[in-house]
Amino acid sequence: MYDLIRDGGFPMFILLALGTWALVVAALAWRRPDRQRMRMARELRFATLCAAGFGIIADLKATGVHAPHFEQPAFDLTHILVQGFAESMSPGVMGLSFAVIVSVFLALAERGFVEA
């Protein structure tokens with residue numbers, strides 16, 4: 001988890017805040033199904049996915065800007081770009097993980113809402 005946050009950089013803090021908020025609201029919706037909570041969890045899930053997209057794009061931009069200036073005799077530019085691309089996917093991994101868990105909570109909340 002620490003490596004994921006370190007690799008993703010600053011956008012990961014935005015993603016952590018939105019994802020945690022979405023997770024808490026979705027868990028509350030699951031415990032006490034309510035249309036308003038469920039809608040808020042859906043909107044926060046969407047915001048989390050948007051933040052993940054933003055993080056990926058921001059990280060890819062940083063890779064493109066800084067990779068040509070990275071001077072390390074042991075690595076060529078291709079290796080540096082591939083490593084930068086791999087690190088740039090960190091927001092996607094975290095954002096989609098939050099979205100999956102929130103979706104499960106929302107599915108359980110929907111089931112509870114229908115049964116109530």
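Okay, α3 and α4 to start: the axes of α3 and helix α4 (residues 77-88) come within 9 Å and cross at roughly 160°. For the axes, think lines fitted to C-alpha atoms, for helices over the stretch in contact, with angles running from 0 to 180 degrees between N-to-C directions. So α3 and α4 are roughly antiparallel to each other, where that label means over 145 degrees, with under 35 being roughly parallel, 65 to 115 roughly perpendicular and the rest oblique. Helices here are DSSP runs of H or I with at least four residues, numbered from the N terminus.

Quick housekeeping. This is a predicted model, where local features need pLDDT of at least 70 and side-chain atom pairs count only at pLDDT 80 or more, while totals for chains, interfaces and linings use all residues. Residues are numbered from 1 along each chain as its sequence is written, and side-chain values use heavy atoms, with hydrogens and water left out.

Now the other packing partner of interest, α2. Helix α2 (residues 11-31) packs with α3 at an angle of about 160°, and their axes are 8 Å apart. That makes α2 roughly antiparallel to α3. What is the handedness where α2 passes α3? That crossing is left-handed. As for who sits in the contact of α2 with α3, the residues divide into 19 nonpolar, three polar and three charged. In that count, Ala, Val, Leu, Ile, Met, Phe, Trp, Tyr, Cys and Pro go down as nonpolar, Asp, Glu, Lys and Arg as charged, and the others, Gly among them, as polar.

Staying in α3, take T48, which is found in that helix. Is T48 buried or exposed? T48 counts as buried, because its relative accessibility is 1%; the cut-offs are under 20% relative accessible area for buried, over 50% for exposed and partly exposed in between, using a 1.4 Å probe and protein chains only. A polar atom of the T48 side chain lies 2.8 Å from the backbone oxygen of L44.

On to charges. How many salt bridges are there? The count comes to four, taking a side-chain nitrogen of Lys or Arg within 4 Å of a carboxyl oxygen of Asp or Glu.

E110 is the one I'd zoom in on. The side chains of E110 and R35 meet in a salt bridge, 3.4 Å from N to O. E110 lies in helix α5 (residues 90-115) and R35 in helix α3 (residues 35-66), so the pair ties together parts that are 75 residues apart in sequence. E110 also forms a salt bridge with R42, with the closest N and O atoms 3.3 Å apart. Again this links distant parts of the chain, with E110 in α5 and R42 in α3, 68 residues apart. On accessibility, E110 is partly exposed at 25%, R35 is partly exposed at 42%, and R42 is partly exposed at 33%.

Elsewhere, D7 forms a salt bridge with R6, closest N and O atoms 3.3 Å apart, and D7 counts as partly exposed at 24%. Salt bridges that share partners join D3, R6 and D7 into one network.

Last stop, back in α5: L108 sits in that helix and counts as partly exposed at 34%.

Note on methods. Helix = DSSP H or I, 4+ residues; strand = E, 2+ residues; numbered from the N terminus. Left-handed = near helix turned anticlockwise from the far one by under 90°. Polar contact = N/O pair within 3.5 Å; in protein donor to acceptor, adjacent residues only side chain to side chain.
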